[in-house]
Amino acid sequence: MTKFIRFISSRKSWALPYLLFSILFVIVPLVLIVVYAFTDDAGHLTLENFSKFFEHPEAVNTFVYSIGIAMITTIGCILLGYPAAWILSNCKKLGYARTLIMLFILPMWVNILVRTLATVALFDFCRLPLGEGALIFGMIYNFIPFMIYPIYNTLQKMDRSYIEAAQDLGASSFQVFWKVVFPLSMPGVVSGVMMVFMPTISTFAIAELLTMNNIKLFGTTIQENINNSLWNYGAALSLIMLFLIAATSLFSAEDKGETEKGGGVTW
């Protein structure tokens, strides 16, 4: 009894609920995905699920198209989000900047399906056609806060002495930004890319609503197979997507490490 009381009162016990949650809702589902992906309906080990994917051009084309949409969405979020984050980080009135940041984050309090339905209503009101353009617009609208906030957070915490040192050395405003501010803000950009690219490549509800089911993304393909009880093939598709996400994570981690190591400024 004394040992149990000591365990409950220790800090290690605080992690127990999170450990159980991770095991039940993260580790076990991942293990099931791997098991289903490498087995057939009879439970025998096989690679047929993966070969089926590569033998069907439609599935491969959908996969490549989804990557393209995710890349376009990520680039669009960077082009729109970085200037916004940079302007907010240079705002002299901190309260004003925080208010604007809150306005960017405020839409995230609304469910993503509700925001997407509002986008559909907006396109209908403006008499604009739903399709690929609406899909990209909806993706950027839904995920741009995930790009703005990490970049703003990085720029806000940046050591201003680097900028002052560059100005003392005679650097122009453009050189200060390109040689100092932009490299030091790359960890925030990498975090934003991860937070935008990963969910974009696996989403399906936004594509279904904004294209009237005329454009299929890879997430839609996985959903259709799962709904049709094709668990093994659906799990294989999910595992392929997870491999892509893991590769992106490793690449981003290496790029972030190289960025943080670099500190030299040259003109």
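A salt bridge is a side-chain nitrogen of Lys or Arg within 4 Å of a carboxyl oxygen of Asp or Glu. By that definition, Glu-224 and Lys-216 form a salt bridge, because their closest N and O atoms are 3.2 Å apart. The structure described here is a predicted model. A search of the whole structure finds 2 salt bridges, and the structure also holds 15 aromatic pairs. The points below take up the charged contacts and then the aromatic ones.

**Salt bridges**

- Lys-216 forms a salt bridge with Glu-58 as well, with 3.7 Å between the closest N and O atoms. This pair links distant parts of the chain, 158 residues apart: Lys-216 is in the loop between helix H11 (205-210) and helix H12 (218-227), while Glu-58 belongs to helix H4 (residues 57-89).
- Glu-58 is exposed, having a relative accessible area of 55%. Lys-216 is partly exposed at 30%, and Glu-224 is partly exposed at 33%.

**Aromatic pair of Tyr-36 and Trp-231**

- Among the 15 aromatic pairs of the structure is a tilted one formed by Tyr-36 and Trp-231, with 6.4 Å from centre to centre and 35° between the planes.
- Tyr-36 lies in helix H2 (residues 16-37) and Trp-231 in helix H13 (residues 231-261), so this contact ties together parts of the chain that are 195 residues apart in sequence.
- Tyr-36 is partly exposed, with a relative accessible area of 37%; Trp-231 is likewise partly exposed, with a value of 45%.

- Because Tyr-82 lies in helix H4 and Phe-182 in helix H9 (residues 173-184), the pair ties together parts that are 100 residues apart in sequence.
- Tyr-82 counts as buried, at 7% relative accessibility, whereas Phe-182 is partly exposed, with a relative accessible area of 27%.
- Both residues belong to a cluster in which ring pairs link Tyr-82, Trp-86, Phe-174, Phe-177, Trp-178 and Phe-182.

**A charge over a ring**

- Lys-52 lies over the face of Tyr-233, at 4.4 Å from the ring centre.

Definitions and conventions. Residues numbered from 1 in each chain as written. Predicted model: local features only at pLDDT ≥ 70, side-chain atom pairs only at ≥ 80, totals over all residues. Heavy atoms only, no water. Helix = DSSP H or I, 4+ residues; strand = E, 2+ residues; numbered from the N terminus. Buried < 20%, exposed > 50% of the residue type's maximum accessible area, 1.4 Å probe, protein only. Phe/Tyr/Trp six-rings, centres within 6.5 Å; stacked < 30°, edge-to-face > 60°. Lys NZ or Arg CZ within 6 Å of the ring centre and 35° of its normal.
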